[in-house]
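Trainee: Hi! Could we look at this one together, helices and then strands?

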Amino acid sequence: MSGSPEDRHTKKRMGLYHVETAGDGRSTLKKRVFSVVVLSIAAMIAVSALILYHFYHSYRDKTYAHLNILVEKHRRDIDSFLKENLGAIRFIAKIFTFDELRDASFLENCLMNLQSHFNNVFVDLGVINARGVQIAYAGPFRLGKALYTEAPWFKKAIQSEYFISDVFMGLRGLPHFIIAVRENHNGHAWILRATIDFVAFNNLVESIQVGETGLAYIVNRGGSLQTKTRADVMKEGEILTILGEMEKGRYGQTYITTISGRGGNKYLYVAALLKDGQWLLIYRQKISDAFREYNHALRVAIAIILLGGVCVVAMGILLTSRVTRQMEKGEREREAMSAQIVESGKLAAVGELAAGIAHEINNPVAIMVEEAGWIEDLLEEEEFRESKSLKEFHRALEQIRTQGRRCKEITHKLLSFARKTDSRIHNVKLNQIIEEVVSVTAQRAKYAKVAIEKNLQEDLPCLRLSSTEMQQVILNLINNAIDAMEPDGGRIMITTRSDQNALVVEVEDNGPGIPEANLARIFEPFFTTKAVGKGTGLGLSICYGIIKKIGGDIEVESHVGKGTTFRIKIPLPVARGSATLSATSDQTSDSDRMNRGV
Amino acid sequence: MQAPLVMIVDDEAPFVETMTKRLEKRDLRILSALSGEEALEKLGKNQNTDVVILDVKMPGMDGVETLKRIKRDFPLIEVIMLTGHGTIESAIEGMKLGAFDYLLKPCEIEDLQAKILQAVEKRREHEERIKQAKVREALIRHGAS
């Protein structure tokens, strides 16, 4: 089919349009995929971020609360330690007289008792008079008669009832701190001094151990270490800041802050005041250590989110492409359907026109043929028998009859093609339709010496279709087979059977068969191999259209010299409620309708 | 035996006219009517009509309706449907309603003549059977009395 230049131009334009549409489709697809993926990921990130934010805050609050309690308890322990020791020294100073205590052996005895009761926390004891001279000493160092007049601790201790010093090196050259209690003897002040074992105190302070990096130490208000520690000591400025914040009383007993240390490590600091606010207990832990479980959970969450993100992207691309493909397919089908509707509309209009013309022509043609026949009858009369032109008259009349038949064929086919069939859907019995059509064609088959045989499977389920359309299909196939076998005659075998979810009708003849070159074209409208005037080429295309309309399939198998088989497959209706449809009142009402002549 | 009496019913007057002449030439007695109503009226007056050639498509009372009335009022008369439509439905409908056969218009006069003669034969056989049945009935009655 070459088509006119204009047609070709139109097709070309349509092709170009199609290419542009496909390009637009791809860019639209990309946009849709992008939108879906971005929206999905944005939503996922927003939800994840919200969850992680709340998780972080609750974990941080929990960690802080835990550390607060821990440090507060530790502070109390250390304060109790100091108070207990101070209490013990005060007790000794109170119950024993100056004279008893200045006795070295008595003092030694006291020290031994203290050490045994307080786990060797006390290193030594000394009695110092108001001038700062140690008048008695019990302990491991040789400090008898030592002079403390100028010692800072002495100056402070002589001024107050009791005193606990900061850590200092003192005369012994070792870090230590003392507890001093002032008493009076005959109007002169004297001091009972005890040295606290630095190692024991240090162990007590360091006994707080949380995680891998948690440790504690004590500084005084000037920032000097009061315990030995491996930690970086907080800078004085930072300590002052903490003290300032704590003194505002905003944070209760403890204060928590984070400070960057050396090497970029961030540390969590928890501070608590002890020894009546003179010392600061500082607990330090690496943030990464304190938040170890949180960080682990965070890593898992990020992994899940990333995995989810990958899934979202993949699903987004997959689903969007699928939906878009379906939408495009739907669009194409809609376009095709619209085109088909327009085409059907045109065909219907042409059909109406053709039917009108065919019907109008049919009657005059019938009259002309009959008139020709009448002339032929008259030529049989005696008076015309001798006419010289009798032979020519007969030839002309035969030609009129032939052309009349030709007109009849054409008008009948046109009427078949365009007639308004009853396309209402009923439950119909396939075998019944075949029986009816066979009975109608029996006469013609007899004249054409064609035997029609039937092999119809019994109890076939009903089909949902238009009985008139189905009659048309079977009639066309039988007529074609008869035409093909004229004038020698032959045999037509009509078979029905059920095949899974479909019924199969086979119309098989043992005629001359269809050449392979024609097989592919036999369903095309106006394709015919019959002699001019014998066929319109519409019969099989009508069959094809009807079968395709009901969702069935029609195929042909032919061997030249052996015969042709047309095989129609019609899907069974999907059962609603019951498994198969049986003969219902539809069929009866159809017959009744026919009987009533409606 | 008297020549068969055939009625041609068609709304096309020239067709009826020519057909009448051609069938008369084939030794048939012909009545004609241009509508279903006229056909029924004439059949009422000529109940010995053997066969009616009836066009399906006619203005007013159409062929199928006329066929029904003929079969109701004159059940022995055989009807051959003549249809301008190549439709199978009208043929099947006519056959179901009791038509003897159908022919597509325009038809071969020989085909029509053959069918008319077959129909006449059927009608005559039918009449013969009725006659014999009546005779048997009369004999039985006579025997009984």
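**How the pieces pack**

Trainee: Anything to know about the model and its labels?
Mentor: It's a predicted model, where local features need pLDDT of at least 70 and side-chain atom pairs count only at pLDDT 80 or more, while totals for chains, interfaces and linings use all residues. Residues are numbered from 1 along each chain as its sequence is written, with chains lettered from A and ligands numbered from 1 in the order in which they are written.

Trainee: Back to the pair, then. At what angle do H11(A) and H12(A) pack?
Mentor: The angle between H11(A) and H12(A) is about 35°, and their axes are 9 Å apart (axes are lines fitted to C-alpha atoms, for helices over the stretch in contact, and angles run from 0 to 180 degrees between N-to-C directions).

Trainee: And what kinds of residues make up the contact of H11(A) with H12(A)?
Mentor: By class there are nine nonpolar, four polar and two charged residues. Nonpolar covers Ala, Val, Leu, Ile, Met, Phe, Trp, Tyr, Cys and Pro; charged covers Asp, Glu, Lys and Arg; the others, Gly among them, are polar. From H11(A), the residues include A:Ile433 and A:Val437, and H12(A) supplies A:Met470 and A:Ile474 among others. Contact here is C-beta atoms, placed from the backbone, within 7 Å.

Trainee: OK, next helix. How do the axes of H12(A) and H14(A) cross?
Mentor: H12 (residues 467–485) and H14 (residues 539–549) of chain A cross at roughly 145°, their axes coming within 9 Å. H12(A) passes H14(A) in a left-handed crossing. The residues of that contact are seven nonpolar, five polar and one charged.

Trainee: Which residues in H14(A) are buried?
Mentor: A:Gly539, A:Leu540, A:Ile542, A:Cys543, A:Ile546 and A:Ile547 are buried in H14(A). Buried means 20 or more other C-beta atoms within 10 Å of a residue's own, exposed means 12 or fewer, and partly exposed is in between, with C-beta atoms placed from the backbone.

Trainee: Why are they on the same side of H14(A)?
Mentor: Because they cover an arc of only 155° around the axis, counting the directions from the helix axis to the C-beta atoms. As background, an α-helix has 3.6 residues a turn, so residues three or four places apart point the same way. The face of H14(A) turned away from its buried side carries exposed A:Lys548 and A:Lys549. After H14(A) comes A:Gly551, with a positive phi near 80°.

Trainee: Switching to strands! In what order do the five strands of the open sheet come?
Mentor: The order is E11-E13-E14-E16-E15 in chain A, with mixed pairing (two strands pair if DSSP finds at least two bridges between them). E11 (450–456) and E15 (553–559) of chain A are the edge strands, each pairing on one side only. From one strand to the next, the twist averages 15°.

Trainee: Which strands of the sheet does H12(A) touch?
Mentor: H12(A) touches E11, E13, E14 and E16 of chain A, and its direction makes about 20° with that of E14(A). H11 (residues 430–447) of chain A lies across E11, E13 and E14, at about 170° to E11(A).

Trainee: How many bridges pair E13 and E14 of chain A?
Mentor: Eight, in the antiparallel sense. In E14(A), A:Glu506 stands opposite A:Thr495, and A:Glu506 also has A:Arg567 in E16(A) as a bridge partner. The hairpin of E13(A) and E14(A) has two residues between the strands, and A:Gln500 takes a positive phi near 50° there.

Trainee: What about the hairpin of E15(A) and E16(A)?
Mentor: That one has three residues between the strands, and A:Gly561 has a positive phi near 90°. E15(A) and E16(A) run antiparallel, joined by seven bridges, with A:His559 opposite A:Gly563 of E16(A).

Trainee: Last one: how many helices and strands has chain B?
Mentor: Five helices and five strands, in the pattern β-α-β-α-β-α-β-α-β-α along the sequence. Of the 145 residues in chain B, 42% are buried.

Definitions and conventions:
Helices (H or I, at least four residues) and strands (E, at least two) are DSSP runs, numbered from the N terminus. A crossing is left-handed if the near helix is turned anticlockwise from the far one by less than a right angle, and right-handed if clockwise. Two residues are in contact if their C-beta atoms, placed from the backbone, lie within 7 Å.
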